[in-house]
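Open your viewer and get ready to select residues as we go.

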Amino acid sequence: MPSAAREVASRRSPAWVAMVAMVAVPLVIVAGLGASVLAAWFGGAVSSPPTGLTDAGPVVRWALPLVRLVHDLAAALTVGALLLAATMIPGATRQASAAIDEPRRAAAFRIATAAAFVWASAGAVVVVFTFADAAGLPLDHPLFAAELLRSVWAIETLRVGLISSAAAFVVASFASLARARSVAVALLLTALFGVAVLGLTGHAGGSADHETAVNALAVHLLSATVWTGGLLALILLRSTLGDALAAVARRYSTVALWAFTALGVSGVMAASTRFERLEDLTSAYGVLVLLKIGALLVLGLAGWWHRRVTIDALERAETAARSGRAFTLLALGEMVVMGLAFGIATALARTQPPVPETVSNPSAALALTGFPEPPAPTALSWVSAWRVEWLFLATALLAIGLYLAGVVRLARRGDRWPVLRTVSWVVGWLVFIWATNGVLGIYGRVAFSWHMTLHMIEAMVVPIFLVLGAPVTMALRTLRARRDGTLGPRELVLGLVHSPYLKVVGNPIFAAAFFFMSLVVFYWTDLFHLALTTHTGHLIMTAHFVIAGYLFAWVLVGTDPGPPRWSPALRLIVLFATIAFHAFFGVAMISGTALLAPDFFTTVDVSWVGDPLEDQRNGGAVAWAIGELPSLVLALLVAFQWSRADRAEGRRRDRHADRDGDAELVAYNEHLARLARHDESPRP
């Protein structure tokens, strides 16, 4: 046996650990299935529908929550295995041989491959059963297959399920072939997308507080998936990790703490949309929620014990063996509780809440946007109109908090950070909060001119402040580097900075074309209608325009590291060309005769808007007017950086001249003297 292979074998855990890994998945599935059956029976999720309504039959009613449980656990294990392979399993360093670390990562890839195939298969079955349940058609109905094929892409719930299953199939296919850490990162992002898309579904007609529930569900799904999947993958890889268990467990514990916090907060938000009175907790839905809360508290206590006791003991050589057994058994107990929680959750999704998910006879605005029609705006509305959008608010506050924590860390070690950068970053996110949670976020959902104002703020004002905050520089100066070959936040940022991808998107011509073409493609295609009528479209639109604007501002005035920066003169040329195209965009809006997203604006028919086409032309004027001021600011910033660079170059030349006695000037004068002597010499 080669020496490296013998070292791997010597680091493996006892045979009982392998046995625990073998029973972990079946035990979790059995616990989840049992909890799902009992919870479904208790909550009435499998009861026959009222008389007069069609029914898909008991097979679909009982099988749907059980198959969904398998689907959810397989998705969690896929994400967990890829998370460990991408960021936590140590890589090859001077102290660790690649021959030792590659088998560990290969084992994680094998787990991800198997779990992703189960996820994709179960997802396809869930799509079929969901259609049968919604349509009330038994699986053996003669029209079932034809109706399914006709509706599978038209119904958003089914379409989202297909997209998620497709993402799982892609992950399974590539994971079966790849072993590189960079591929694990890409597949992890793909898997997280496949999970998130299940939560971010579009508006149910006339939904009550739909966006809060949807945002909470998406965060809930992601955090539960990462937490549960990471722990299950850690148990399955226990025998392979060997003496790397302590380091991997420590890193997973940090991720689990973030997931636990997000899970608790999102759970409270989701529950707040389903309960009106304290007495609602005594309903079947309320009892199941209380059981989930109890499971969360138990898991939180177990996580606290891991962080305070078992992981510390794992890191001490004299107690590592005994603590490894305690850690594995406690983790297995956690997985059983997580399986119970997953089972309850699958039944809870089919249990009628005290507050119904839809309202009867919704207005056109409520049916299309999820919100009632706002009153006519006044001058006071610019500061008094607020409607909290929790996802955007939490994102902004988290970005501000992490940045300020970095400033504090730098100050504690004696490093200075420019105050203007901090102010710029905070102001940028505060403007984002005002735009998305204030008057623009409210009225921009129903009126074109207000929507365009929101768009211009998100794409042209907020990014300038964020770019001037230099967040990448802040991250690289405050995040700790990892020395064991794993990928932490700092390594991921460095990988992005030096990636070939950034060399392409960081090209000023690409950034300018991407910024301008985004406007054209968005407004003159069905994407605009999608953003107005679905929550997913609204989120993607907001993220896209902030990122596109950030990229454009960064290539012009950014100071963060990246590809070689173009000269100020060339950057000004790119900026002026983009301004011209942007003006053309505004003029096209002003002179347009066709209403964009006509189905939406003619249906929503807001009373205080008047003529939708005239409002659209006003929006074009807003795009033209508001777009000019940020462009002027960018031009001034480029000119200022140009002037400062010239002054810095002048000072550098002066210092160089002081050191060598102005040798360059002396040499130039001598050259002129030689030329003069040559001219004065007699010619033959």
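**Stop 1: the largest cavity**

Start by selecting E211, F371, R387, V388, E389, T436, G441, I442, R445, L454, E458 and H538, which line the largest cavity. On a 1 Å grid over the protein atoms alone, a cavity is a set of points where a 1.4 Å probe fits but cannot get out, and lining residues have an atom within 4 Å of a point. Two elements each give two or more residues to this lining: helix 17 (439-443) and helix 18 (448-468). Helices here are DSSP runs of H or I with at least four residues, numbered from the N terminus.

Colour the lining by residue type and you will find four nonpolar, three polar and five charged residues. Ala, Val, Leu, Ile, Met, Phe, Trp, Tyr, Cys and Pro count as nonpolar, Asp, Glu, Lys and Arg as charged, and the others, Gly among them, as polar. The largest cavity holds about 100 Å³ of space, the volume being the space filled by probe spheres set on the grid points, which are joined across faces, edges and corners. The structure has eight cavities of 30 Å³ or more.

A word on what you are viewing: this is a predicted model, where local features need pLDDT of at least 70, side-chain atom pairs count only at pLDDT 80 or more, and totals for chains, interfaces and linings use all residues. Residues are numbered from 1 along each chain as its sequence is written, and side-chain values use heavy atoms, with hydrogens and water left out.

**Stop 2**

Axes are lines fitted to C-alpha atoms over the stretch in contact, and angles run from 0 to 180 degrees between N-to-C directions.

Now show F448, H451, M452, H455, M456, A459 and M460 in helix 18, which meet F515, L519, F522 and Y523 in helix 22. Contact means heavy atoms within 4.5 Å. These contact residues divide into nine nonpolar, two polar and no charged.

**Stop 3: helix 6 and helix 7**

Next, select helix 6 (residues 156-175) and helix 7 (residues 181-199), which pack at about 165° with axes 8 Å apart. That makes helix 6 roughly antiparallel to helix 7. Among the residues in this contact are V160 and F174 of helix 6, and L187 and L198 of helix 7. Its residues comprise twelve nonpolar, four polar and no charged.

Terms used
Parallel < 35°, antiparallel > 145°, perpendicular 65-115°, else oblique. 1 Å grid on protein atoms, 1.4 Å probe; cavity = no way out; pocket = protein on both sides within 12 Å on 5 of 7 lines; lining within 4 Å.
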